[in-house]
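Colleague: Could you take me through how to read the features of this model, giving the general idea and then the case at hand?

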Amino acid sequence: MLYRISALRTLLLPISLGLGLTLALAGCHVVTDTELAAIRSQGQRHGPDAAQVFNGQLVPYADKNAKPAALVVGALTQNFDTACKQYGFRQSDAFPCNFWIRVQGKVTRIDDSSRVGKAYVELTQAAGGDPVDIVLQMGPVIVGTGVRDGFPGIKYSDFDDQTKFAAFGQEINKLVVARVQHSLKLKVGDPVDVAAVYSTWSEPAGEIRAIPVVWK
Amino acid sequence: MWKKLALSAAVAASVSMVMPLNAQAAGKGTIAILVNALDNPYYAAEAKGADTEAKKLGYDTIVLSHGEDVNKQNELVNLVIGKGVKGIVLDNADSNSSVATVRTAKDKKVPVVLINREIPKDGLAIAQLSHNNLQAGTEVAQRFVETIGEKGEYVELTCNLADKNCVTRSQAFHQVLDQYPDLKMVARQDAKGALLPGKQAMDSILQEHPNVKGVIAGNGPVALGAIASLESAGHKDVVVMGIDGSNDERDSILAGKLKATVMLQAQSIAIHGVDLLDKYIATGKTGEQERQLFRGILITKANASKVNDFYYTK
């Protein structure tokens, strides 16, 4: 009898353990590394794709919204806040005001002594108007994130931290540089018709440096 | 047990040293303001901004420091919740570890505004206000390269790589500086965010790299430490720049030693935090986005006189 109970116990123990384990595992789901990474990143925003935004939205936006540069510069020299409200866009006070300007004129100087390459453009003005120069940033280094920050379709809250937001801005700048180097090869005397973005915290002091985005 | 008793005693001591707890005293109630260390000018400016604004709006305040200790922070948050505060303005001790702290407050219906440091979760704090460290870092780095030129050797002294803001600033520096292949970073060292380690780091770096043209530092104290080292070694032409914008940095800029810094708007960020908290207490919502950035202001000799206690006079 003792033997029988013992045998029964020996038989039942693995069964009950196995059943328990099965029941316990019934609530579990084994995941792959890829699934685990996806679970861990739940709730984190990765932000939009830079190339899609740039080519699909930003370039058309720049072309459509650029205002004559002389008009914007004239307003800016009068009053920064008024000009920003009328012609500019800023997400918040954490960002400079960004102005989309149409730069139409003639290249008077090329400065490639720095990696922040510059093309100086004298705007075509009505007779009697004061000459206005705009400096187009030609790369390979683009200073600032005006292209990203001047587009209302992208907000800081689309990302979940500053690093991702900054990386997006860098990607956009790389796309700008690639575009400039591909098809905006300027030399002195060339006529230009460019939609560019100028970012500033205040009335202009010194060069008005703008980042070209689309041109004819 | 002893550990818990000791911690409770430390918490009680830190509370009583700063201000008596009187959460039920005022007409509009009390707001708790928790920052890292009140003997640090930056955090003192945050506390000053929040405290002044809260009192202006009719609140009493409790101002406490957690000393960047997550456990102490949790104790203090629980303590002020227990005292019935209407809300908390918190510069947290650690981004990831503070998620649970903020969740605790939310579960107990006490709204929290985070200033300076964000947490990696939305929907727990009613607002997360942080400095645009990327903008601050890229702006000072751009000024750095324009000042020292696009060729030569430079040193980076990071402020404290355990702090996400310091990591972000370093990333920002490199986003700019790494685009100049002839600009060589010959040394990079963490200086723990303080003046003395900054000086010591620079002392040892100078022995190996006497020809550096510039030093870019993750915060103000480290930049001032580097200047102290360079001065004592007779390297007065080396360009030093940092981020923070304390009165000490302002004075160093005016004296022609520190070439530039970026002032973080510690008081403004704290004031806005209290304003949002007040609005939330009154209406149940802030009416603004949870995550907001504040710009850093580039400070050079031209505008340094406008800086006072991390506030920029326009």
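Colleague: How many residues of chain A are in contact with residues of chain B?

Modeller: Two residues are in contact if their C-beta atoms, placed from the backbone, lie within 7 Å, and on that basis 15 residues of chain A are in contact with 18 residues of chain B. The side of chain A that touches chain B has 6 nonpolar, 6 polar and 3 charged residues, where Ala, Val, Leu, Ile, Met, Phe, Trp, Tyr, Cys and Pro count as nonpolar, Asp, Glu, Lys and Arg as charged, and the others, Gly among them, as polar. This is a predicted model, in which local features need pLDDT of at least 70 and side-chain atom pairs count only at pLDDT 80 or more, while totals for chains, interfaces and linings use all residues. Residues are numbered from 1 along each chain as its sequence is written, and chains are lettered from A and ligands numbered from 1 in the order in which they are written.

Colleague: Which domains does the assignment give for chain B?

Modeller: Domain bounds come from an automatic or database domain assignment, which for chain B gives domain 1 (2-125) and domain 2 (133-263). Their centres, taken over C-alpha atoms, are separated by 32 Å, and the contact takes 4 residues from domain 1 of chain B and 5 residues from domain 2 of chain B. On the domain 1 side, the touching residues divide into 2 nonpolar, 1 polar and 1 charged.

Colleague: What share of the residues of chain B count as buried?

Modeller: A residue is buried if 20 or more other C-beta atoms lie within 10 Å of its own, and 55% of the 314 residues of chain B count as such.

Notes
A residue is buried if 20 or more other C-beta atoms lie within 10 Å of its own, exposed if 12 or fewer, and partly exposed in between; C-beta atoms are placed from the backbone.
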